[in-house]
Amino acid sequence: MMKDVAHRFSATPTSPAITVLRIGNIAGADALGAADNGHVRAGTPMPLHRFPDGTAALRSYIGPRDLFDVVCALSKPHNGPLRTINVAHSQPVSLDDMLRAYKTHHLPELTWVDMPAPDSIPHHVTLSTDKLQSFVNSEEYDDPANEMVQQMLGVTTR
């Protein structure tokens, strides 16, 4: 509904330029981090859903530093109609890689147990970042989950 209001508000030639951001999971602000902490406090393993092919869910994430770079790039004035941009890193991340990175850098006590994924859990939930890449090029990471968790902790090398 807000996007519709923004679209109507930006419909005239004298209207301000508006950018609507659809933001993916932000490492550290996502539900995964809260769930990890809860399982560590309770001393219980976290369930990790595995699909029949053996993989875990794949999701769009972005690290806090990368998000800052995106916001800076998109805050420059622009002319034209309302623009809607998906915001996530160009490399989606599997949840098992995120758990490994959280365990390595943040929660060494974290454990998980593989469980069959229920039919209601989507295997891939990713955002297309093609439009975003025309404004800012995401740095490609050898290990995106590791980089995003390190950004969350403020221990990146950049």
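**Entry 1: conventions**

I take buried to mean under 20% relative accessible area, exposed over 50%, and partly exposed in between, with a 1.4 Å probe and protein chains only. The model is predicted: local features need pLDDT of at least 70 and side-chain atom pairs pLDDT 80 or more, whereas totals for chains, interfaces and linings use all residues. Residues are numbered from 1 along each chain as its sequence is written, and side-chain values use heavy atoms, without hydrogens or water.

**Entry 2: the chain as a whole**

I counted six helices and nine strands in the chain; these are DSSP runs numbered from the N terminus (helices H or I, at least four residues; strands E, at least two). The C-alpha trace spans about 60 × 40 × 30 Å along its principal axes. I noted 158 residues, of which 38% are buried. The accessible surface comes to about 9100 Å², and 58% of that belongs to carbon and sulfur atoms; the areas are from the Shrake-Rupley method with a 1.4 Å probe, and for residues only the protein chains shown count as cover. I then looked up contacts (heavy atoms within 4.5 Å). Of those between residues at least 6 apart in sequence, 83% join residues at least 24 apart.

**Entry 3: the nonpolar cores**

I searched for nonpolar cores, that is, buried Ala, Val, Leu, Ile, Met, Phe, Trp, Tyr and Cys residues joined through side-chain atoms within 4.5 Å. The largest core has 20 residues, and the members that touch the most others are L32, Y61, V93, L95, M98, L99 and Y102. Strand 3 (46–50), helix 4 (95–105) and helix 6 (144–153) each supply at least two of its residues. Which helix gives the most to this core? Helix 4 does, with five residues.

A second core is separate and has nine residues, among them I62, V70, L132 and V136.

**Entry 4: D36**

D36 lies in helix 2 (residues 31–42). D36 is buried yet forms no salt bridge, and R41, the nearest side chain of opposite charge, is 10 Å away. For this I count Lys and Arg as positive and Asp and Glu as negative, leaving out His and the chain ends. Beyond four places in sequence, D36 touches M46, L99, Y102, L107 and L110.

**Entry 5: salt bridges**

I found six salt bridges in the structure; the criterion is a side-chain nitrogen of Lys or Arg within 4 Å of a carboxyl oxygen of Asp or Glu.

D114 pairs with R50, with the closest N and O atoms 3.2 Å apart. Since D114 lies in strand 8 (residues 112–116) and R50 in strand 3, the pair ties together parts that are 64 residues apart in sequence. D114 is partly exposed, at 42% relative accessible area.

R100 has a salt bridge with D97, at 3.9 Å between the closest N and O atoms. Both residues lie in helix 4, three residues apart, about one turn of the helix. R100 counts as partly exposed at 31%, and D97 likewise at 32%.

R100 also pairs with D143, with the closest N and O atoms at 3.1 Å. This pair links distant parts of the chain, 43 residues apart: R100 is in helix 4, and D143 is in the loop between helix 5 (130–133) and helix 6. D143 is partly exposed at 27%. Through shared partners, salt bridges also join R50, D96 and D114 into one network.

**Entry 6: helix 3 and helix 6**

In helix 3 (residues 64–74), I listed R65, D66, L67, V70, A73 and L74 as buried. These residues pack against strand 1 (19–23), strand 2 (25–26), strand 5 (61–62), strand 6 (83–87), helix 5 and helix 6. V71 of helix 3 is partly exposed at 39%.

Is helix 6 largely enclosed or largely open? Eight of its ten residues are buried, so helix 6 is largely enclosed by the rest of the structure. The buried residues are P144, A145, N146, E147, M148, V149, Q150 and Q151. Their cover includes strand 5, helix 3, strand 7 (93–94) and helix 4. Just after helix 6, G154 takes a positive phi of about 75°.
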